[in-house]
Amino acid sequence: MKSSIGKKIKKEREKVKMTQSELAATADVSRALICQLEKGLRNDVKVTTLTKIAKALNCELNDLIN
């Protein structure tokens with residue numbers, strides 16, 4: 001089952017028409033992390049990492065965690 005955060009990251013990423021690789025590069029995280037989060041394989045992500053992902057997606061951190 002996908003994590004709620006992973007679903008939201010994917011939704012926001014698709015909304016801005018980014019690939020996982022583009023998001024990873026923009027957020028300065030690994031593509032593997034983005035993939036694992038979106039697939040629900042990982043949910044132990046630091047707030048600082050989520051903040052970088054949210055900034056890369058041009059959305060608020062609250063959009064990903066609430």
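Thr49 lies in helix H4. In this predicted model, Thr49 is counted as buried because its relative accessibility is 14%, below the 20% cut-off for burial.

**Helix H4**

- Thr49 is in contact with Val29 and Leu33, leaving aside residues up to four places away in sequence.
- Besides Thr49, the buried residues of H4 are Leu50, Ile53, Ala54 and Ala56.
- These buried residues line one face of the helix, because they fall within an arc of 160° when H4 is seen down its axis.
- On the face of H4 turned away from the buried side, the exposed residues Val47, Thr48 and Lys55 are found.
- The cover over the buried residues of H4 includes H1, H2, H3 and H5.
- After H4 comes Asn58, with a positive phi near 60°.

**Helix H2**

- Helix H2 spans residues 20-27, and its residues Gln20, Leu23, Ala24 and Ala27 are buried.
- Viewed down the axis of H2, the buried residues fall within an arc of 100°, so they line one face of the helix.
- Covering the buried residues of H2 are elements that include helix H1 (4-15), helix H3 (31-39) and helix H4 (47-56).
- Directly after H2, Asp28 adopts a positive phi of about 60°.

**The contact of H2 with H4**

- The axes of H2 and H4 are 8 Å apart, and the two helices pack at an angle of about 115°.
- The crossing in which H2 passes H4 is right-handed.
- From H2, the residues Leu23, Thr26 and Ala27 take part in the contact, and from H4 they meet Lys52, Ile53 and Ala56.
- By class, the residues of this contact divide into 4 nonpolar, 1 polar and 1 charged.

**The nonpolar core**

- The largest nonpolar core consists of 17 residues, and those with the most contacts inside it are Ile9, Leu23, Ile53 and Leu57.
- Two or more residues of this core are given by each of the elements H2, H3 and H4.
- The most comes from H4, which gives 4 residues to this core.
- Leu57 touches Ile9, Glu12, Arg13, Val16, Met18 and Leu23, when residues up to four places away in sequence are not counted.
- Ile9 and Leu23, both touched by Leu57, are likewise among the residues with the most contacts inside the core.

**Loops between the helices**

- Val16 has its place in the loop between H1 and H2.
- With a relative accessibility of 38%, Val16 counts as partly exposed, since that class lies between the cut-offs of 20% and 50%.
- Although Val16 and Asn58 are 42 residues apart along the chain, their C-alpha atoms are separated by 8.5 Å.
- Asp28 belongs to the loop between H2 and H3.
- The loop between H3 and H4 contains Arg42.
- Arg42 is classed as partly exposed because its relative accessibility is 31%.
- A distance of 15 Å separates the C-alpha atoms of Arg42 and Ala24, which are 18 residues apart along the chain.
- Asn58 occurs in the loop between H4 and helix H5 (61-65).
- Asn58 is not a glycine, yet its phi is positive, at about 60°.
- Asn58 counts as exposed because its relative accessibility is 72%.

Key. Residues are numbered from 1 along each chain as its sequence is written. This is a predicted model: local features need pLDDT of at least 70, side-chain atom pairs count only at pLDDT 80 or more; totals for chains, interfaces and linings use all residues. Side-chain values use heavy atoms; hydrogens and water are left out. Buried means under 20% relative accessible area, exposed over 50%, partly exposed in between (1.4 Å probe, protein chains only). The arc is that of the directions from the helix axis to the C-beta atoms. Contact means heavy atoms within 4.5 Å. A nonpolar core is a set of buried Ala, Val, Leu, Ile, Met, Phe, Trp, Tyr and Cys residues joined through side-chain atoms within 4.5 Å. Axes are lines fitted to C-alpha atoms, for helices over the stretch in contact, and angles run from 0 to 180 degrees between N-to-C directions. A crossing is left-handed if the near helix is turned anticlockwise from the far one by less than a right angle, and right-handed if clockwise. Ala, Val, Leu, Ile, Met, Phe, Trp, Tyr, Cys and Pro count as nonpolar, Asp, Glu, Lys and Arg as charged, and the others, Gly among them, as polar.
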